[in-house]
Amino acid sequence: MHEKLSALEALADVELRKDEPLARHTTFRVGGPVRCLARPRSQEALFGLLGTLRQWELPFLILGEGSNVLAPDEPWNVVVVQLHLACKDLAATGRNDSGRCAVFAGAGTTLRELLSYCVPKGLQGIECLAGVPATVGGALFMNASTAWGSISDHLAYIEVLDARGDKGMILRRDLRPGYRTMPLPQNCVILGAGFELESCAPELLKERIETILEKRRRTQPLRYPCAGSVFKNPEGQFAGALVEKAGLKGYRIGDAQISEKHANWIVNRGKATARDIIELVEKAENEVYGTFGVRLEREIRILGQLYRSPALC
Ligand SMILES: Cc1cc2nc3c(=O)[nH]c(=O)nc-3n(C[C@H](O)[C@H](O)[C@H](O)COP(=O)(O)OP(=O)(O)OC[C@H]3O[C@@H](n4cnc5c(N)ncnc54)[C@H](O)[C@@H]3O)c2cc1C
């Protein structure tokens, strides 16, 4: 392992932090140290890093805002790669035949940055995602959406680096995005995406965003660290309503709690561990299955050795 890490240290333009706790990089504020956190400072440095990781067979994970993951408490032998320095471009690249404006966003930019770029220019299409704490890469990987729309609605193409290290472009028309899934080639890294956005008065966009954020503040437990919805909504039902009807609203294991405000959210009330959270997830799965015969599907991604398939009784 030491030799492998030395190979990483020899790379130019890559910021490395050894034994970095993931709690600093996840919105649950949970997660023990990973072998190494790597931040390439350019695309060339990213390609060099990924090539080295594959050559040395070092397991790695791309992490965005860390807002949809549960990381293990224990030390984890993985290299976590962040893209906010290497894939940070934001550019309007002209209007197409239908008068729409083409905008390119690097995978490491946040939705907040993309919105701040689009709103003053009067470009609409992304504002439906106001308040989702995501990078463009993470939002695409998860096909993030809200009641107002989805990241795929105005998507034109995704730029990726495949598992062999080849760069390519996947057109929206060749993709069938699903509920919190984007069918991309396995192990590819999203580098960025092109969107086709329509014109709209900036004032109107600001109003829409404020309406969305106000609704979020009213209905979501934003005071505590969390990862948003824990379960996908089963067809025709709301996961939160099922968890609530199973009597679990406010239920607590350690410092992990099923939110009193929204039962599909688990919040970290202080020093919750990943173990507390996973036990709470399993408790909700078991109670909902026992009460209603419905198998809840997890929306949050459970990382590392914590992963267990749902143990339903
Ligand atoms: C307060 C709060 C509110 C939320 N509200 C919503 C909501 O309304 N709608 C919604 O859909 N979600 C919501 N979420 C969940 C979360 O924000 C989304 O799933 C978001 O898309 C995750 O983006 P991220 O950058 O944080 O990805 P991460 O959580 O860092 O990663 C998620 C997955 O994407 C992969 N990934 C990330 N970037 C790349 C890349 N460049 N290439 C390849 N793989 C990549 C990671 O490896 C990981 O498997 C919410 C979360 C919180 C905390």
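A residue counts as buried if 20 or more other C-beta atoms lie within 10 Å of its own, as exposed if 12 or fewer do, and as partly exposed in between, with C-beta atoms placed from the backbone. This is a predicted model, so to speak for local features pLDDT has to be at least 70, side-chain atom pairs count only at pLDDT 80 or more, and totals for chains, interfaces and linings use all residues. Residues are numbered from 1 along each chain as its sequence is written.

**View 1. Ala139 sits buried in helix H4.** Ala139 has 30 other C-beta atoms within 10 Å, and is therefore buried. Its helix is H4, residues 136-142 (helices are DSSP runs of H or I with at least four residues, strands are E runs of at least two, both numbered from the N terminus). Leaving out residues up to four places away in sequence, Ala139 touches Leu111, Leu129, Val132, Ala134, Ala144 and Ile151 (contact: C-beta atoms, placed from the backbone, within 7 Å). Thr110 is 29 residues away along the chain, with 9.0 Å between its C-alpha atom and that of Ala139.

**View 2. Ala139 again, now as part of the largest nonpolar core.** There are 87 residues in this core, and Leu70, Leu129, Ala139, Leu140, Ile266 and Ile277 touch the most other members. Helix H7 (residues 274-292) supplies the largest share, seven residues. A nonpolar core here is a set of buried Ala, Val, Leu, Ile, Met, Phe, Trp, Tyr and Cys residues joined through C-beta atoms within 7 Å.

**View 3. An open, mixed sheet of four strands.** The strand order is E1-E2-E5-E3, with E1 (14-21) and E3 (60-63) at the edges, each pairing on one side only. Pairing takes at least two DSSP bridges between two strands. E2 (residues 33-40) and E5 (residues 76-82) run parallel over four bridges; look for Leu37, whose bridge partner in E5 is Val80. Helix H2 (residues 43-55) lies across E1, E2, E3 and E5, at about 145° to E2 (axes are lines fitted to C-alpha atoms, for helices over the stretch in contact, and angles run from 0 to 180 degrees between N-to-C directions).

**View 4. Where domain 1 meets domain 2.** The domain assignment, automatic or from a database, gives domain 1 (2-82), domain 2 (90-217) and domain 3 (221-306). Nine residues of domain 1 are in contact with ten of domain 2, and H2 gives the most to the domain 1 side, three residues.

How values were computed:
Contact = placed C-beta atoms within 7 Å.
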